[in-house]
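Thanks for coming, everyone. Please bring the structure up on your screens, and we will walk through it together.

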Amino acid sequence: MSGIDKDRPSPQWIEQIRSRFPCEREIDRILTRKLRLRSGPGFAPVPLDTLCKGVESLIRAQLRAPFEISEARWLSGGASKLQMSFTLAWNRPGAGPERTPMVVRMEPAASIVETSRLREFQLIKAFEGVVPVPPVYWVDAEGEHLPYPALVYGFARGVTKPTRAPTRVSGLGTNFGAELRPLLAPQFVDHLSRIHTRDFGGGGLSAFDVPAPGIQAVEWQLNWWERVWEEDFDEDIPMVRLAAAWMRANMPPVDRLSIVHGDYRNGN
């Protein structure tokens, strides 16, 4: 790895990384895109007006009827993502004229964790009516209309923490109190079980590849995160190498494919 300028990775090094760590097509796409853009312009704040114009372009590509965006403002939360709320006045298919509160969720140039807006869009869409999720409307998977990949979705009813609780929405240290705990605990477990037992045999998740029986699903996950480590570390850590080697030597076969949330808490 010596002599590699990871701030300006060469096409040859990018292809070498891709061949060393084969993973799902969508994961390969977003990680390769990250590397190819790494030597480009650095992070710059995105003006609200730029975001509005990008959303207008995205919606215009999807709707033929006239519409109007208003009440645009920055929205807090979203961890490492940029979020803007706005109101869309439109003739909603199947519903007629209405003013709909919406949010555009976009990753910045230097996202903490590289994730797929297309996957996020498809998963939320797939769980409509299964667990409480907001409606999703459009996705700009490649950043063709907005500065970076983004999706547009609505609001789900409710709050992410008790209204009177002086805690953050992350879910860490939230005290629900004796009144809410017995109400929320069954919902918490029920929603998680619905996610993990949902059958997606009917499709709708084209951004996910179906692994072969056996250990391929586990191997893809290991390749994903070992590739991230190789792309980003600036100091080699033997313990990371040891952990990766141990996991590869002990990959368990998968007996059932399911969706794993991965960050299940009240903040999400």
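Let me start at one residue. D236 is partly exposed, with a relative accessible area of 42%. Keep in mind that this is a predicted model. Where does D236 sit? It is found in the loop between α6 and α7. What does D236 touch, leaving aside its neighbours within four places in sequence? With those set aside, D236 is in contact with W229 and R241. Now look across to T160. D236 and T160 are 76 residues apart along the chain. Their C-alpha atoms are separated by 39 Å.

Let me step back to the whole protein. It has 268 residues, and 34% of them count as buried. The C-alpha trace spans about 55 × 50 × 40 Å along its principal axes. How many helices and strands are there? The protein holds seven helices and five strands. Read from the N terminus, the order of elements is α-α-α-β-β-β-α-β-β-α-α-α. One more figure, on contacts. Take those with a separation of 6 or more: 61% of them come from residues 24 or more positions apart.

Helix α6 covers residues 216-232, and helix α7 covers residues 238-249. They pack at an angle of about 165 degrees. Their axes are 11 Å apart. Angles over 145 degrees count as roughly antiparallel. So α6 and α7 are roughly antiparallel to each other. The crossing of α6 past α7 is left-handed.

Who makes the contact? On the α6 side we have E219, L222, N223, E226, W229 and E230. On the α7 side they meet V240, R241, A244, M247 and R248. By type, the residues of this contact divide into five nonpolar, one polar and five charged.

Helix α6 has another partner, and that is α1. Helix α1 covers residues 11-20. α1 and α6 pack at an angle of about 155 degrees, with axes 10 Å apart. That makes α1 roughly antiparallel to α6. This crossing is right-handed. From α1, the contact uses W13, I17, R18 and R20. From α6, it uses R227, E230 and E231.

The axes of α1 and α2 come within 11 Å and cross at roughly 160 degrees. α1 is therefore roughly antiparallel to α2. α1 passes α2 in a right-handed crossing. W13, I14, E15 and R18 in α1 meet D28, T32, L35 and R36 in α2. These residues divide into three nonpolar, one polar and four charged.

Next, helix α4, residues 117-126. Is it mostly covered or mostly open? It is mostly covered, with seven of its 10 residues buried. Those buried residues are R117, R119, E120, F121, Q122, I124 and A126. What covers them? The cover includes the helices α2 and α6. It also includes the strands β3, at 96-106, β4, at 136-140, and β5, at 150-153.

Last topic: aromatic rings. The structure holds six aromatic pairs. One of them is Y137 with W138. That pair is tilted, at 5.6 Å centre to centre, with 40 degrees between the planes. Both Y137 and W138 are buried. A further pair is W224 with W225, and this one is stacked.

W225 counts as partly exposed, at 43% relative accessibility. Finally, go back to Y137 and W138. Together with W90, they form one aromatic cluster.

That is the tour. Questions, please.

Key:
Residues numbered from 1 in each chain as written. Predicted model: local features only at pLDDT ≥ 70, side-chain atom pairs only at ≥ 80, totals over all residues. Heavy atoms only, no water. Axes fitted to C-alpha atoms, helices over the stretch in contact; angles between N-to-C directions. Helix = DSSP H or I, 4+ residues; strand = E, 2+ residues; numbered from the N terminus. Parallel < 35°, antiparallel > 145°, perpendicular 65-115°, else oblique. Left-handed = near helix turned anticlockwise from the far one by under 90°. Contact = heavy atoms within 4.5 Å. Nonpolar A, V, L, I, M, F, W, Y, C, P; charged D, E, K, R; others polar. Phe/Tyr/Trp six-rings, centres within 6.5 Å; stacked < 30°, edge-to-face > 60°. Buried < 20%, exposed > 50% of the residue type's maximum accessible area, 1.4 Å probe, protein only.
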